[in-house]
Amino acid sequence: MSENQTQKKKNTVSIWTPAFISVCGTNAFMNLSKQMSNSILSKYVDSLGATAAIVGLVSSTFALAALIFKFISGPALDSCNRKKILIGAMIALGISFFGYSLSDTVPIIIVFRFLQGAAQAFTATCLLTIASNTLPADKFSSGIGIFALFETVAQAIGPTIGLWLMGIVGFKMTFVISAVLMFVSAIVVVFYKQPPFVQMKKFRISLNSIVAKESVKYALLLFIFNFSFCVVSTYLVIYAAGRGIVDHIGLYFTFYACVMLFSRPMVGKLTDKYGITKIVIPALCCFVTSYMLISVSSRLWMFLLASFFSAFGTGACQPAVQALCMKCVSTERRGAASSTCYIANDLGMLIGAPVAGIIVECFGYTAMWRIMTIPIIFAMIFVICIRKDIKEVEDRFRNN
């Protein structure tokens with residue numbers, strides 16, 4: 001077979017296999033449930049009389065738990081039945097959401113928030129690992145982008161649905177509905193068609209099984225993204241309410257999702273064609289622009305414009321860098337690489353939300369949005385400095 005025929009055959013391989021579709025569907029509904037709860041949790045804590053710093057602490061508690069349990073999840077994913085791990089973790093998430101509905105004090109909320117973080121240490125890494133193993137090499141970035149698109153759309157419409165339900169049935173019943181949706185999603189996973197599980201290696205907790213050292217340098221970018229981006233889910237609703245926009249701020253997330261529907265597949269294809277560096281730099285510029293717009297927004301249309309830029313910014317950066325981290329390692333090490341990605345994510349959120357809360361108390365919300373652009377500018381400089389290393393990883397993965 002000639003080289004042209006081989007390339008043509010590669011291009012006809014579809015990413016839309018039953019396995020990939022199943023994983024994407026689970027990713028969507030799991031994140032929809034999660035975001036319905038997350039979007040109203042900070043507002044619920046605020047309604048209990050908590051300060052901005054305490055709201056940030058509650059928001060980051062799950063990141064602390066997720067970080068701790070990453071020491072178990074990475075080795076577990078590379079040695080145990082991933083389907084069973086996913087089911088158990090989703091049930092734990094449902095219990096945490098139901099627990100919020102029973103909570104009337106901040107300490108109790110923190111307990112269930114910790115449980116949520118522990119469960120998420122397994123769900124996100126498990127789904128990313130499974131998705132990676134279903135994708136052909138020549139469409140890897142596109143596939144990861146589409147996988148992340150399902151997550152992002154759910155993250156975008158989830159807050160709108162959560163806020164809408166909160167206005168109709170209240171905080172506690174919205175948490176119950178989120179829990180029910182998560183339990184139903186866990187039941188669906190039971191019917192996944194997977195090859196028979198064969199244990200390739202024993203479960204062992206070690207630094208090498210938790211962290212893929214090849215991916216650490218690129219995972220630093222994920223840390224920076226989440227350090228800055230966590231303020232949207234934590235403080236945007238409260239900030240908008242202070243600007244007199246209470247009833248319709250959920251449209252920020254809906255518009256974000258709509259833009260993402262066409263931007264994410266396009267960005268994934270461009271990344272496969274032109275490389276990560278040429279896509280991430282402009283995306284980071286969009287990221288900075290979105291925060292500067294939010295800092296001066298006083299009308300809904302201004303928030304929506306910021307949402308547009310955010311969709312091209314964070315929407316392009318996150319999956320591109322995740323794909324890069326997964327490309328660094330062999331198939332057998334993708335559990336560790338996935339764990340490395342989410343350790344970086346969790347550390348960013350763990351540190352970012354409380355830091356932002358302190359900035360708010362010292363300088364106000366407007367300054368907070370502007371100050372949180374500084375890490376993104378640093379990320380831009382870092383990508384430029386390591387662009388040769390990124391190209392080597394992409395070339396090696398493509399040739400293999």
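**Charges, fold and ring pairs in a helical chain**

Let's start with charge. The chain carries 33 positive and 16 negative side chains. The centres of those two sets are 4 Å apart. Keep in mind that this is a predicted model.

Now the fold. We have 15 helices and zero strands. The radius of gyration is 20 Å, close to the 21 Å from the globule rule for 400 residues, so the chain is as compact as a globular protein of that length. Along the principal axes, the C-alpha trace spans about 65 × 40 × 35 Å.

What share of the 400 residues is buried? Buried residues make up 56%. Next, contacts with a separation of 6 or more: 88% of them come from residues 24 or more positions apart.

On to the rings. A search of the whole structure finds 18 aromatic pairs. Take Tyr239 and Phe303. They sit edge-to-face, 6.1 Å centre to centre, with 65° between the planes. Tyr239 is in helix H8 and Phe303 is in helix H11, so this pair ties together parts 64 residues apart in sequence. Both Tyr239 and Phe303 are buried.

Another pair is Tyr291 and Trp369. This one is edge-to-face too: 5.3 Å between centres, 80° between planes. Tyr291 belongs to helix H10 and Trp369 to helix H13, and the pair links these distant parts, 78 residues apart. Tyr291 and Trp369 are both buried.

Which cluster do ring pairs build? They link Phe229, Tyr235, Tyr239, Phe287, Tyr291, Phe303, Tyr365 and Trp369. Both pairs I described have their rings in that cluster.

Technical notes. Residues numbered from 1 in each chain as written. Predicted model: local features only at pLDDT ≥ 70, side-chain atom pairs only at ≥ 80, totals over all residues. Heavy atoms only, no water. Helix = DSSP H or I, 4+ residues; strand = E, 2+ residues; numbered from the N terminus. Rg over C-alpha atoms; globule rule 2.2 N^0.38 Å. Buried < 20%, exposed > 50% of the residue type's maximum accessible area, 1.4 Å probe, protein only. Contact = heavy atoms within 4.5 Å. Lys, Arg positive; Asp, Glu negative; His and termini not counted. Charge placed at Lys NZ, Arg CZ, Asp CG, Glu CD. Phe/Tyr/Trp six-rings, centres within 6.5 Å; stacked < 30°, edge-to-face > 60°.
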